[in-house]
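Welcome! Please take a moment to look over the sequence and the 3D view before reading on.

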Amino acid sequence: MRRPTIKDVAERAEVSLKTVSRVINDEPSVQASTRARVQRAIDDLGYQPDPSARSLRSAQNYALGLVYDNPNPYYVIAVQNGVLSVCRETGYGLQIHPCDSSSPNLASELIDLVQHSRLAGLVLAPPMSERNELVTELVAHGIRLVRIVSAAADPQDGSACIYVDDRDAAYEITEHLIQLGHSRIGFLWGGKSHGSSWERYKGYEDALREYGITLDPDLVVEGDYSFDDGFRGARRLFALADRPTAIFGSNDEIAAGVLAAAKSSGMNVPYDLSIAGFEDSPFSKQSWPALTTAKQATQEIARHAAHRLLQEIREHAPSKPLPNEGFSPELVVRGSTAPPRPKG
């Protein structure tokens with residue numbers, strides 16, 4: 001069956017194409033009875049306006065942009081699905097724009113994207129969302145945006161955001177390992193350009209300090225949010241004379257790399273080595289043993305970011321700033337963590 005058109009709606013409702021367009025664009029100059037008749041025809045036919053065509057016919061844009069640069073495909077897919085679900089519910093289109101967060105021309109690239117694609121606004125995922133100079137320049141050009149950021153509390157910096165308390169969740173993971181009896185706990189960083197890496201490290205550091213465990217810099221290894229860096233970082237920690245009995249990877253991909261390195265070295269997880277990750281990606285449940293992690297509702301976080309962006313777009317100049325929303329990942333204990341083997 002062919003897709004119903006605006007002409008079909010006009011014929012069904014016995015009105016002009018212009019009247020249908022006015023109803024679709026929610027213009028106030030349509031009588032209530034006519035609006036109801038057009039809406040009934042839209043519902044009966046299952047007509048869905050094309051967002052790009054709506055943008056061309058009106059002064060308002062009906063597409064959002066999602067901007068990201070992240071090596072973790074599970075995170076990216078979850079964010080895309082969250083934003084896309086809101087766009088489908090509200091009749092907006094979505095343009096997905098992967099980019100290089102370190103590019104010196106990123107601001108002009110995104111300004112051109114918004115102008116040429118007639119985007120109503122942007123959802124900025126980390127790490128772009130955490131580049132203050134980028135956000136400032138985009139806002140100065142009148143671009144509406146909402147950021148997804150890692151922060152222990154609302155940044156209250158005048159820019160709309162959805163914030164995620166990675167620090168507290170990382171504290172909980174480290175505390176869980178300490179309470180199992182571990183004191184030699186390795187930490188594998190994600191990319192340092194990501195605020196989440198710093199927040200997760202601070203949570204790890206805070207837990208060690210509050211439990212009176214001296215932080216050994218040899219147990220902290222830099223890297224990126226990737227399986228390969230998890231594998232390499234783990235092998236580096238295994239080479240220490242006093243190797244760790246537990247390793248906390250900054251995300252589940254890193255933790256999966258640690259798990260592979262441990263198995264290739266003949267270790268029994270969790271008895272020779274406990275492993276914890278972060279984010280609760282699909283394979284954290286499918287690995288053997290399944291990974292202890294922090295459950296992060298990435299798709300729901302992205303949905304809230306898209307809803308917030310639509311609020312910003314529709315309210316234009318709200319009388320008072322809209323409140324930012326916060327999320328807290330939750331500790332999920334699975335089979336990859338256990339008390340360390342007794343020495344001797």
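Here is a short tour, from the whole chain to its sheets, its helices and one leucine.

This is a predicted model, in which local features need pLDDT of at least 70, side-chain atom pairs count only at pLDDT 80 or more, and totals for chains, interfaces and linings use all residues. Residues are numbered from 1 along each chain as its sequence is written, and side-chain values use heavy atoms, with hydrogens and water left out.

**The whole chain**
- The protein chain holds 13 helices and twelve strands; helices (H or I, at least four residues) and strands (E, at least two) are DSSP runs, numbered from the N terminus.
- Its C-alpha atoms fill a box of roughly 90 × 45 × 30 Å along the principal axes.
- Of the 344 residues, 54% count as buried, where buried means under 20% relative accessible area, exposed over 50% and partly exposed in between (1.4 Å probe, protein chains only).
- The chain exposes about 16200 Å², with carbon and sulfur atoms supplying 49% of that area; accessible areas come from the Shrake-Rupley method with a 1.4 Å probe, and for residues only the protein chains shown count as cover.
- Among contacts with a separation of 6 or more, 70% come from residues 24 or more positions apart; a contact means heavy atoms within 4.5 Å.

- Six bridges link β1 (residues 63-68) to β2 in the parallel sense, and L66 stands opposite I96 in β2.

**The four-strand sheet**
- Another open sheet has four strands, ordered β7-β6-β8-β9, again with parallel pairing.
- Its edge strands, β7 (220-221) and β9 (274-276), each pair on one side only.
- β8 (residues 246-249) runs parallel to β9 and is joined to it by three bridges; F248 has A276 of β9 as its bridge partner.
- Helix α8 (residues 166-180) lies across β6 (185-188), β8 and β9, at about 170° to β8.
- Helix α10 (residues 227-238) also packs on the sheet, touching β6, β7 and β8, and its direction makes about 150° with that of β6.

- The axes of α6 (residues 106-116) and α7 come within 10 Å and cross at roughly 35°.
- L106, A107, L110 and I111 of α6 meet L134, E137 and L138 of α7.
- By class, that contact has six nonpolar, no polar and one charged residues.
- L138 lies in α7 (residues 132-140) and counts as buried because its relative accessibility is 0%.
- Leaving out residues up to four places away in sequence, L138 touches A107, L110, I111, L122, L124, I143 and L145.
- L138 and R88 are 50 residues apart in sequence and 26 Å apart in space, C-alpha to C-alpha.

Notes: Pairing = 2+ DSSP bridges. Axes fitted to C-alpha atoms, helices over the stretch in contact; angles between N-to-C directions. Nonpolar A, V, L, I, M, F, W, Y, C, P; charged D, E, K, R; others polar.
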